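Try each task yourself before you read its solution.

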Amino acid sequence: FRLKLMVEGELKDMEQFFDDLSDSFTGTEPEVHKTSVVGLFLRHMILAYNKLSFSQVYKLYTALQQYFQRDEKKSGADESDMELTNPEELDGKMEKEELDGPLREEEISCSGPLSQKQAEYFLSQQASLLKNDETKALTPASLQKELNNLLKFNPDIAEAHYLSYLNSLRVKDVFSSTHSLLHYFDRLILTGAESKSNGDEGYGRSLRYAALNLAALHCRFGHYQQAELALQEAIRIAQESNDHVCLQHCLSWLYILEQKIFDSCVLLEHSVNKSLHFGLPYLASLGIQSLVQQRAFAGKAANKLMDALKDSDLLHWKHSLSELIDISTAQKTAIWRLYGRSTMALQQAQTLLSMNSLEAVNVGVQQNNTESFAVVLCHLAELHAEQGYFAAAAEILKHLKERFPPNSQHAQLWMLFDQKIQFERAMNDGRYHIADSLVAGITALNSIEGVYRKAIVLKAQNQMSEAHKLLQKLLIHCQKTKNTEMVIRVLLSIAELYWRSSCHTIALPVLLQALALAREYSLQYLASETVLNLAFSQLILGIPERALNILHMAIEPILAHGAVLDKGCAMFLVAKCQVASAASYSPQKKIEALESAILNLNEAKTYFAKVDCKEQLRDVLYFQARLFHTLGKTQERNKCAMLFRQLHQELPAHGVPLINSFK
């Protein structure tokens with residue numbers, strides 16, 4: 001009766017009903033006790049009703065009317081047909097109508113309204129999955145459809161707009177992400193969610209953090225001018241409100257924007273000190289990580305950087321900052337890789353992969369699906385590929401593809417490493433047409449790497465002038481952007497072009513410039529590689545004794561931390577220098593030197609075979625055959641000659657003299 005009265009009356013009748021429910025708990029002898037089962041249910045219902053906005057109250061009233069009218073129609077039809085139909089036939093008829101009847105449009109487009117609790121659970125679940133295990137979350141299209149359905153019945157849920165913003169970031173949709181972010185903060189202000197928890201300060205807090213998030217969004221998409229304007233607005237509002245926490249976040253983003261123009265450690269150091277002063281360990285640690293990264297590129301000593309990271313790790317463990325522990329370990333892996341210490345990088349990568357997350361996640365959710373783990377796994381795949389373990393590298397990349405699908409935000413990391421590993425394999429195997437086809441994919445993911453790889457392919461195809469023009473343009477660009485590692489690699493490639501063009505004396509200043517840069521920026525592995533190139537230049541210029549002397553300085557880091565291909569090239573160069581030096585030795589000493597060179601060539605041959613580098617294998621076999629012939633070992637000479645002939649028929653000959661190629 002009361003339900004009929006509400007439906008046939010007005011909205012105020014439903015409001016009166018909930019007021020009467022509240023009165024049932026009052027008095028000396030209340031109709032319902034608050035702690036009883038019915039009392040708890042009624043109190044939950046009253047609280048849920050009081051949280052509804054006006055639009056939600058109206059939708060509740062409309063849904064109540066539709067429910068009552070639908071029930072009346074069913075009861076009327078049942079009374080008219082009851083005398084003509086027995087219960088079994090009636091059940092069968094109803095089941096058939098429910099199965100065969102056409103679905104209404106609103107039933108297809110949405111699953112109906114969700115309660116406040118259901119909506120909150122859905123939003124928190126999807127947000128957690130996006131953070132911890134994106135593969136378990138709904139696809140971007142499905143999630144957006146569910147969010148649109150949720151907002152249709154609950155338009156004032158601000159969190160739904162924020163999840164829509166995160167979902168748009170997954171597919172890099174600038175317009176939708178900006179739209180959802182602005183709507184999120186608009187809803188916060190309109191519903192008063194911020195003002196209830198923060199008093200009069202709530203509205204201003206929403207505005208300044210809205211501007212700050214907008215600046216972060218523009219910075220993420222590379223819109224630096226718009227990001228700077230939004231950041232200035234956030235700083236102005238935060239200063240007016242005397243919000244030091246917001247100002248520290250603004251200072252961190254200001255450093256990110258400023259470093260796009262010039263290197264400045266002053267802002268970052270100030271941000272770290274202030275963050276520690278105001279008790280913001282997360283922000284302070286991120287500042288330390290950025291400072292370490294910048295100083296690594298500036299060539300600071302590795303021991304000082306590791307000491308700084310150790311101090312930040314103490315901060316992480318003290319405050320249980322699991323995500324920052326992962327970032328710090330991934331940072332150490334990248335720094336050791338930059339300095340050419342592959343063994344240390346491998347150790348740090350294994351440390352991170354064996355760690356368990358400190359954050360509690362649901363059962364069945366893959367832990368630590370973060371950028372840090374993607375970076376470490378990519379480095380691990382590249383390290384295995386450099387040592388010739390291509391099957392292991394392929395397994396790691398397969399795991400990366402499953403863990404970070406192509407539509408996920410960190411997928412570009414493994415895509416780039418996958419293309420680079422395929423490129424190196426194609427170059428080692430002499431399949432330059434395949435390597436050239438991979439350049440476009442690398443360029444799409446990293447333009448600098450793509451241009452460098454294109455120059456390498458042109459050099460391998462003996463297109464010297466085109467390769468030189470490309471390398472000169474890349475050198476100028478990298479010098480402007482202060483990409484020292486790539487500058488050194490480009491200089492080494494230019495020096496090799498000069499060798500192949502028989503301009504040996506011109507290559508020496510280029511190599512000395514590369515060596516000075518490598519030592520200045522503490523890039524030990526690149527310095528060792530440059531010394532090998534200098535030794536090769538001295539061999540060509542006819543001073544093999546000096547070449548052997550400087551080889552002893554460089555070969556140890558190469559053998560300890562180098563790629564298999566570099567190890568093979570180093571041993572091959574040692575053998576060449578030994579043979580060239582033996583020309584002035586006594587007969588007995590010359591034989592000993594040649595036998596030692598053969599042993600080094602065997603080691604080089606093992607390295608080249610491991611990475612399937614057929615061109616270098618062919619050169620080693622040719623050299624060994626000549627040495628065996630000189631020593632009078634006919635059987636060994638014939639064996640090497642046969643293997644050389646097989647490879648020579650398989651590979652094209654470019655007409656470049658053997659001595660004019662270091663790698």
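**Exercise 1.** How many salt bridges does the structure hold?

*Solution.* Start with what you're looking at: this is a predicted model, where local features need pLDDT of at least 70, side-chain atom pairs count only at pLDDT 80 or more, and totals for chains, interfaces and linings use all residues. Residues are numbered from 1 along each chain as its sequence is written, and side-chain values use heavy atoms, with hydrogens and water left out. Next, the rule: a salt bridge is a side-chain nitrogen of Lys or Arg within 4 Å of a carboxyl oxygen of Asp or Glu. By that rule, the structure holds 18 salt bridges.

**Exercise 2.** Find the salt-bridge partner of Lys 420 and say what the pair ties together.

*Solution.* Step one: Lys 420 pairs with Glu 382, and their closest N and O atoms are 3.7 Å apart. Step two: look at the helices (DSSP runs of H or I, at least four residues, numbered from the N terminus). Lys 420 sits in helix H22 (residues 411–428) and Glu 382 in helix H20 (residues 371–386), so the bridge ties together parts that are 38 residues apart in sequence. Step three: Lys 420 and Glu 382 are both buried; buried means under 20% relative accessible area, exposed over 50%, and partly exposed in between (1.4 Å probe, protein chains only). Step four: zoom out, and you'll see a network of salt bridges linking Arg 337, Glu 382, Glu 386 and Lys 420.

**Exercise 3.** Is Lys 401 buried or partly exposed, and what about its salt-bridge partner, Asp 418?

*Solution.* First, the bridge between Lys 401 and Asp 418 spans 3.6 Å, N to O. Now the accessibility: Lys 401 is partly exposed because its relative accessible area is 37%. Asp 418, at 13%, counts as buried.

Key
Helices (H or I, at least four residues) and strands (E, at least two) are DSSP runs, numbered from the N terminus.
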